[in-house]
Structure formats: structure tokens, C-alpha cells
Amino acid sequence: LYQDIKTIQQFAGIVTDITKETAGIEAQRKLQYQKDSFLSIASHELKTPVTSIKAYAQLLERMLKKEGDVQKADMMTRLTGQVNRLTTLLEDLLDVSKISNDRLDFKRDYHSFNEIVTDNIGDINYLESGHVIETNLAFMGNIFCDKMRISQVMNNLISNAIKYSPDRDRIIITTAQRNTDVVFCVQDFGIGISKDNIERVFDQFYRVSTAEAYSYQGMGLGLFISAEIIRQEGGRIWVDSEENSGSTFCFSLPLVNNIR
Ligand code: ADP
């Protein structure tokens, strides 16, 4: 009888432990759910007034330029610049909440890969930062993908290359076909990433914490979102980097069933 009681006690102990553990997991899940909901609601609610501020600011900027009021027009240009930054931050937060809810949407079609690349280079105001973008674009085929999403990834990688190489003006962008993939790479000669950090740069909210890396603004979401987009498009994303020498960020997309 004593042995039986002992066994029952041991069993009860295990059950209690499992129950405690399950309760812990449940609580964690609930917390995660609350965090995701907060992120989603907050970024949604903030986006509406910011979009309207952006529209009015752009209108005012145009009006002031037309009136020839250079000083005020210049102030409005700065204001729209900051509103644009805010919009990008909110869009990143929205994308993160969509990723958490598995609701990142893709509108796929056939697109000229080269056109997406050149549109992106044209859009980036690299002259302002003093950077010169060199290109070696060898891939001219079409890709079945969400143009806006792939453009978002390219923009993120090119903006990072510019942001993290303030003292070097060279950025090299290449495209090429490698076996059954198209590969896109952006190389910079900037601050680079140490071996300890390189594994984690694609993690959510991860930013390299050296004093130098930290002095650049950002939330550590761009690469996380980019990696998720490329994963959902069936490709791969990676980085080669050396501290103080520069980084090369690349992604590949499959061509199988993609070429027309
Ligand atoms: P953010 O730039 O907003 O911090 P990202 O997700 O785009 O976020 O990048 C995550 C981190 O990876 C950055 O904070 C930076 O430390 C590092 N990183 C990204 N791109 C580069 C680059 N081209 N050179 C050096 N470090 C980089």
C-alpha cells in the first residue's frame, strides 16, 4: 500500500508539474497575443492621421514652392521628410504584425526583374548621401513574384548599404543567374558586421550594439521583414561581412516555373 501511495504521489507531482508548465505556456501565448494585437491596432490607428499629415504637408510644400517662399518651402521639405520616415516605421510595424498573424499578403505576377532593380536605384536619392551606385546587371528574365514586396527588400538592402557606409561612397549592385536561381547582391564598404552579430541580423528587433552601429537610426525590423518576404517567395537571403571592411547582402529567387 505504501508503495502504491508513493507511486500515486509521484504521478500527482508529475501532473502538477505538467499543469504548471501548460499554464506557463498558456500565459505566454496570451501575452504574445496581446502584444501582437497591440502592435496591429496601434500601427493601424497611427497610420490614418499620419497619412493625412503627409498629404497636407506635401500640398503645403508645393504651394510654398510655387509662391517662391524658399525658406518656408525648405522647412516643409524637412517636415515631409520626417513624415515619410514615420510612415516607413509604421509600415514596418504593420508588416511585423502581419507576419505574426501569418497574414503578409502577396500579389504575384510576372515582372521584369531588371525593371524592379533599376526602378529602385532610380528612386533612391543616393546623390544626397554622396554615394555612387555601380551596377552589373546580368539577369534580364522575368520573375513570378510580388513586385512591391521584392522592391521593398531591394530598397531595404540598398538603404542599409548607404546608411552603414557613411565614409565610403561605393555601392555595387549585381544581378546574375546562378543555376536555377536569380541572385541579387548589394555590396558596401562600410562598418561591416562582426562574427558574433552576423547570425542575428535577420532577427526581429535585432540591432548590432556596438557604439558605432548604434549611432544609426532604426528599429531592427527591415532585415527581419525582408527575410520573411524572401522565404515566402521561395528564395534565400544571406550576408557576407567583415567588420570595418563592408558587407554584401544577397537574396536568390527560384526561376523554376518562373521564366516566360
Ligand atoms: P535597422 O537598420 O533599422 O537597425 P535592419 O533590420 O535593416 O534594421 O538591420 C539590422 C541590423 O543589422 C542593423 O541595426 C545593423 O546593425 C546591421 N546591418 C544591416 N545592414 C548592414 C550593413 N549593410 N552594414 C553593416 N551593418 C548592417
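## Basis

The model is predicted: local features need pLDDT of at least 70, side-chain atom pairs count only at pLDDT 80 or more, and totals for chains, interfaces and linings use all residues. Residues are numbered from 1 along each chain as its sequence is written, and side-chain values use heavy atoms, with hydrogens and water left out.

Strand β7 spans residues 246-254. Helices (H or I, at least four residues) and strands (E, at least two) are DSSP runs, numbered from the N terminus. Eight of the nine residues in β7 are buried. Buried means under 20% relative accessible area, exposed over 50%, and partly exposed in between (1.4 Å probe, protein chains only).

β7 pairs with β5 (residues 181-188) in the antiparallel sense, over seven bridges. Two strands pair if DSSP finds at least two bridges between them. In this pairing, Gln187 stands opposite Thr248. Strand β6 (residues 236-242) also runs antiparallel to β7, joined by seven bridges. Here Ile237 faces Phe251. The β6-β7 hairpin has three residues between its strands. Asn244 in this hairpin takes a positive phi near 65°.

## Cysteines

The whole structure holds one disulfide, defined as a pair of cysteine sulfur atoms within 2.5 Å. Cys185 and Cys250 form the bond, with S to S at 2.1 Å. The pair links distant parts of the chain: Cys185 lies in β5 and Cys250 in β7, 65 residues apart. The torsion about the S-S bond is about 110°, so the disulfide is right-handed.

Cys185 counts as buried because its relative accessibility is 9%. Cys250 is buried too, at 5%. Cys145 is in no disulfide. The nearest cysteine sulfur to Cys145 is that of Cys185, 17 Å away. Cys145 has 1% relative accessibility, so it counts as buried.

## Nonpolar core

The largest nonpolar core has 48 residues. Such a core is a set of buried Ala, Val, Leu, Ile, Met, Phe, Trp, Tyr and Cys residues joined through side-chain atoms within 4.5 Å. Phe113, Ile150, Ile173, Phe184 and Phe251 have the most contacts inside this core. Helix α5 (residues 147-163) supplies the largest share, seven residues.

Which residues does Phe113 touch, not counting residues up to four places away in sequence? They are Phe139, Gly141, Ile143, Ile150, Met154, Thr175, Val182, Phe184, Phe251 and Leu253. Contact means heavy atoms within 4.5 Å.
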